[in-house]
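Q: I am new to this structure and would like to learn how to read it, one feature at a time. Could we go through it together?

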Amino acid sequence: MNSLTEEESNMLTDACKIFTLKDEDVHLVDGEVTNIKITCHYDLKLANAILGDIRD
């Protein structure tokens, strides 16, 4: 990220945006629907609920 301008840094919303700003290729891949990203308290509750179901 050190090579981004201040303007570019201010418009970042996700990691993909960094690559597109620098003309790097971005690809989609198939994955599991349970591959969640924990970014807030609700996400953590959801992850714990999923793990609870797996452990039972």
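Q: Is Cys40 buried, partly exposed or exposed?

A: Before the answer, a word on the model: it is predicted, so that local features need pLDDT of at least 70 and side-chain atom pairs count only at pLDDT 80 or more, while totals for chains, interfaces and linings use all residues. Residues are numbered from 1 along each chain as its sequence is written, and side-chain values use heavy atoms, with hydrogens and water left out. Buried means under 20% relative accessible area, exposed means over 50%, and partly exposed lies in between (1.4 Å probe, protein chains only). Cys40 has a relative accessible area of 40%, so it is partly exposed. Cys16, at 36% relative accessibility, also counts as partly exposed.

Q: How many disulfides does a search of the whole structure find?

A: A disulfide is a pair of cysteine sulfur atoms within 2.5 Å. The search of the whole structure finds 0 disulfides.

Q: How many helices and strands does the chain have?

A: Helices (H or I, at least four residues) and strands (E, at least two) are DSSP runs, numbered from the N terminus. Here the chain has 3 helices and 0 strands, and its elements run α-α-α from the N terminus on.

Q: What share of the 56 residues is buried, and what is the accessible surface of the chain?

A: Buried residues make up 7% of the 56 residues in the chain. Accessible areas come from the Shrake-Rupley method with a 1.4 Å probe, and for residues only the protein chains shown count as cover. The accessible surface of the chain comes to about 5,300 Å², and carbon and sulfur atoms hold 52% of it.

Q: Where does Leu4 lie, and which residues does it touch?

A: Contact means heavy atoms within 4.5 Å. Leu4 lies in the segment before helix H1 (6-10), and with a relative accessible area of 10% it is buried. Not counting residues up to four places away in sequence, Leu4 touches Ser9, Leu12, Ile18, Leu21 and Lys22. For Leu4 and Leu21, which are 17 residues apart along the chain, the C-alpha atoms are separated by 8.4 Å.

Q: Which residues is Lys17 in contact with?

A: Lys17 is found in helix H2 and is partly exposed, its relative accessible area being 29%. Leaving aside its neighbours within four places in sequence, Lys17 is in contact with Met11 and Leu12.

Q: What is the nearest side chain of opposite charge to Asp43, and how far away is it?

A: Lys and Arg count as positive and Asp and Glu as negative, whereas His and the chain ends are not counted. A salt bridge is a side-chain nitrogen of Lys or Arg within 4 Å of a carboxyl oxygen of Asp or Glu. Asp43, which lies in helix H3 (residues 41-55), is buried yet has no salt bridge, and the nearest side chain of opposite charge, Lys37, is 7.9 Å away. Apart from neighbours within four places in sequence, Asp43 is in contact with Ile36, Lys37 and Ile38.

Q: Which residues make the nonpolar surface patch?

A: Patches are made of residues with over 30% relative accessible area and no salt bridge, where like charges are joined within 9 Å and nonpolar side chains (Val, Leu, Ile, Met, Phe, Trp, Tyr) within 5 Å. Ile36, Ile38, Tyr42, Leu44 and Leu46 make a nonpolar surface patch of about 450 Å². Ile38 is found in the loop between helix H2 (15-21) and H3, and Leu46 lies in helix H3.

Q: What is the phi of Asp23?

A: Most residues other than glycine have a negative phi. Asp23 has a positive phi of about 55° although it is not a glycine. Asp23 has its place in the loop between H2 and H3 and is exposed, with a relative accessible area of 71%.
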